[in-house]
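Hello,

Here is the structure I promised to pass on to you. Have a look at it first, and then read on for what I found.

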Amino acid sequence: MVVARSVALFVVAALFEIGGAWLVWQGIREHKGWIWIGAGVIALGLYGVVATWQHDDNFGRILAAYGGIFVAGSIAWGMVADGYRPDRWDVIGALVCLAGMTVIMYAPRGN
């Protein structure tokens, strides 16, 4: 149950962080305005809150593990939101990052 909750939190965090960054991008690069930028800033702040709900107390471990989720999630977001088509190297790289995230976050430790 701890792993399932942790994965769910990583997914929610990714939606807030990637979505927030995308909203800021849209607001600035696509000239959609301050409301988009403000919504992005709020979403980015919520990402920070969600990250604190992970069961592990080590900030560095959580952020390092989240990096794998961020890489894979960013590619998925680009596919859905912007019609981005990843090539095989994008997919392989994302899978490597997810494997690294799994090792960092869920490897058995003798703490």
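A residue is called buried here when its relative accessible area is under 20%. By that cut-off, buried residues account for 27% of the 111 residues in the protein. Please keep in mind that this is a predicted model.

Now to the overall fold. The protein has four helices and zero strands, so along the sequence the pattern reads α-α-α-α. As for contacts between residues at least 6 apart in sequence, 65% of them join residues at least 24 apart.

The accessible surface comes to about 7100 Å², and carbon and sulfur atoms hold 71% of that.

One residue I looked at in detail is Gln-26. Where does Gln-26 sit? Its place is in helix H1, which covers residues 2–29. Is Gln-26 buried or exposed? With a relative accessible area of 7%, Gln-26 falls under the 20% cut-off, and therefore it counts as buried. Leaving aside residues up to four places away in sequence, Gln-26 touches His-31, Lys-32, Trp-36 and Asp-82.

Best wishes

Key. Residues numbered from 1 in each chain as written. Predicted model: local features only at pLDDT ≥ 70, side-chain atom pairs only at ≥ 80, totals over all residues. Heavy atoms only, no water. Helix = DSSP H or I, 4+ residues; strand = E, 2+ residues; numbered from the N terminus. Buried < 20%, exposed > 50% of the residue type's maximum accessible area, 1.4 Å probe, protein only. Contact = heavy atoms within 4.5 Å. Areas by Shrake-Rupley, 256 points an atom, 1.4 Å probe, with all protein chains shown as cover.
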